[in-house]
Amino acid sequence: MRILFVHQSFPGQYRHIIRALASQGGHELVGFGISPLAEPLPKGVTHIRYNLSRGNTPGIHPWLIDIDSKLIRGEACALAAHALREQGFVPDLICAHPGWGESLFLSDVWRGTPILTYQEFYYQAFGFDYDFDPEHQSDKSWQYLARLRMKKANTLLSLESSDWNVTPSEFQKSTFPATWHSRISVIHDGIDTNLAAPNTTNTPFTLPDGKKIYKGQEVVTFVNRNIEPYRGCHIFFRAIPEIQRMNPSSIIIIVGD
């Protein structure tokens, strides 16, 4: 099969599946992205970077900045897709992450090619990420809620242009309007259990400050891409004294930017 993967930071969530497909052989695998590769790709996978031709529109209404950014990325990706089509490449399937707008116009470039879209989250004003923590998320003005409503535009457009959708968990699926649930499959990203597995040796793990952790020691970890209240860091920090009181020998490790 000819399969096109689209992700701003390719391979992103497609890391495991492109490795599996590459190992099968017989597939032509192409990945679109803006960012430079942060990891080696399997043999036979082609990476194509596209560039943005402009920034946000000066003086644009602030509620439109989000969709304006996604429009710019969607256009850049579509231009790269059109150039690839002109070279004779017609994918049998497009797997796209729509989060940054890249997939907006792919169905217009390759009409008839099915699009399988990775739907990560649907923004909601209430009951999810914008009001779960009263300490940091007080009542919002109607203008704030209006701006949030506009952030749904890209997701709704991607749902409309997709032949099918996947999301990693039942919770993520639950954030989407019930109207779309019948067109979303829950498929977990997968975990490389050869990599994410207990260390069977007695070799200690050395932390950046030189401290060594040995097998059998009790370790509490807090891991996030960004250490910020949105990801619950303040709740964890407040729990540390109680963790230390209950188990003075525990080692607490925080990983994140």
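Predicted model: local features only at pLDDT ≥ 70, side-chain atom pairs only at ≥ 80, totals over all residues.
Me: How many of the 5 residues of strand β1 (residues 2-6) are buried?

Reply: Strand β1 is largely enclosed by the rest of the structure, because most of its residues are buried. Here, buried means under 20% relative accessible area, exposed over 50% and partly exposed in between, for a 1.4 Å probe and protein chains only. Of the 5 residues of β1, the number that are buried is 4.

Me: How many helices and strands does the protein have?

Reply: Helices (H or I, at least four residues) and strands (E, at least two) are DSSP runs, numbered from the N terminus. The C-alpha atoms occupy a box of roughly 65 × 55 × 40 Å along the principal axes. Of the 257 residues, 37% count as buried. The secondary structure of the protein comes to 7 helices and 11 strands.

Me: Which residue of β2 is the bridge partner of Arg2?

Reply: Two strands pair if DSSP finds at least two bridges between them. β1 pairs with strand β2 (residues 28-33) in the parallel sense, over 5 bridges. In β2, the partner of Arg2 is Glu28.

Me: Which residue in β4 stands opposite Leu4?

Reply: β1 also pairs in the parallel sense with strand β4 (residues 93-96), and this pairing has 4 bridges. In β4, the residue that stands opposite Leu4 is Ile94.

Me: Is Asp68 buried or exposed?

Reply: Asp68 belongs to helix α2. Its relative accessibility is 7%, and therefore Asp68 counts as buried.

Me: How far apart in space are Asp68 and Ser250?

Reply: In sequence, Asp68 and Ser250 are separated by 182 residues. In space, taken from C-alpha to C-alpha, the distance between them is 48 Å.

Me: Which residue with a positive phi follows α2?

Reply: The phi in question is near 100°. The residue that follows α2 and has this positive phi is Gly88.

Me: Which element gives the most residues to the lining of the largest pocket?

Reply: A pocket is an open set of points, on a 1 Å grid over the protein atoms alone, where a 1.4 Å probe fits and protein lies on both sides within 12 Å along at least five of seven lines; lining residues have an atom within 4 Å of a point. The largest pocket is lined by 29 residues, and those nearest its centre are Trp100, Glu120, Phe121, Tyr123 and Arg225. At least two lining residues come from each of α2 (65-86), α5 (152-161) and α6 (170-174). With 4 residues, the element that gives the most is α2.

Me: Which element gives the most residues to the lining of the second largest pocket?

Reply: This pocket has 17 lining residues, with Phe205, Ile213, Tyr214, Val219 and Ile253 closest to its centre. Two or more lining residues come from each of β10 (219-223) and β11 (251-255). The element that gives the most, with 3 residues, is β10.

Notes
Residues numbered from 1 in each chain as written. Heavy atoms only, no water.
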